[in-house]
Amino acid sequence: MQTKKASTNLQVITGGPSTGKTTVINMLAERGYKTTIEHARHYIDTMRTEGQTVEELRSNRKKFQIGVLDMQIEQEASILPQDLVFLDRAIPDAMAYYQFLKLDYDEKLLTAVKNTSYKKIFILDRLPFTKDYARTEDEEAQKKIHQLIIDVYTSLGFPIVSVPVLPPTERVEFILKNIE
């Protein structure tokens with residue numbers, strides 16, 4: 001697929017589960033950069049306040065993915081294209097999760113991906129897997145999802161930068177040196 005030309009200044013921070021995305025995003029925010037939240041965790045937290053368990057939420061895989069996708073679409077649509085914003089995941093991440101969960105792409109996802117534009121994709125190299133309340137994956141799933149994310153962004157033609165395993169501050173510096 002041909003490389004997409006960015007018509008936005010959106011910088012995506014992504015990778016499989018437990019790769020340090022949220023730590024990096026939080027550090028960028030502390031430095032005054034505009035950032036976004038990870039929508040899967042936000043969706044889980046929102047639904048938990050309404051009385052649902054993580055297990056209940058994750059049991060309907062398609063509904064969960066659509067709920068997260070809706071939040072991501074809404075947030076990305078609200079960002080001004082010229083603003084430098086670091087996204088904690090982006091719409092195409094959903095394609096990797098759909099593949100991992102063996103779900104068929106729906107029209108909403110395909111349309112959303114078709115309308116995306118990102119300046120650069122920073123894929124954080126994997127860290128040792130850490131389980132928490134929102135993660136249902138294990139280390140094998142982490143590896144598979146991570147590779148699917150790389151494959152999705154590569155197939156879509158976005159410029160990708162691999163961010164090596166470094167102390168968090170050095171990862172942030174690495175990213176900042178590689179934005180355009």
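Helix 1 and helix 8 cross in a right-handed sense, meaning that the near helix is turned clockwise from the far one by less than a right angle. This is a predicted model, in which local features need pLDDT of at least 70 and side-chain atom pairs count only at pLDDT 80 or more, while totals for chains, interfaces and linings use all residues. Residues are numbered from 1 along each chain as its sequence is written, and side-chain values use heavy atoms, leaving out hydrogens and water.

Back to our helix pair: the axes of helix 1 and helix 8 (residues 168-177) come within 10 Å and cross at roughly 70 degrees. Helix 1 and helix 8 are therefore roughly perpendicular, a label for angles of 65 to 115 degrees.

Which order do the 5 strands of the open sheet take? They run 2-3-1-4-5, with parallel pairing; two strands pair if DSSP finds at least two bridges between them. Strand 2 (34-35) and strand 5 (160-163) are at the edges with a single partner strand each, so one side of each has no neighbour in the sheet. Strand 2 is joined to strand 3 (residues 85-88) by 2 bridges, and threonine 35 has phenylalanine 86 as its bridge partner.

Finally, look at serine 117, in the loop between helix 6 (107-114) and strand 4. Serine 117 is buried, at 11% relative accessible area, where buried means under 20% with a 1.4 Å probe, counting protein chains only. A polar atom of its side chain lies 2.7 Å from the backbone nitrogen of serine 7.

Key. Helix = DSSP H or I, 4+ residues; strand = E, 2+ residues; numbered from the N terminus. Buried < 20%, exposed > 50% of the residue type's maximum accessible area, 1.4 Å probe, protein only. Polar contact = N/O pair within 3.5 Å; in protein donor to acceptor, adjacent residues only side chain to side chain. Axes fitted to C-alpha atoms, helices over the stretch in contact; angles between N-to-C directions. Parallel < 35°, antiparallel > 145°, perpendicular 65-115°, else oblique.
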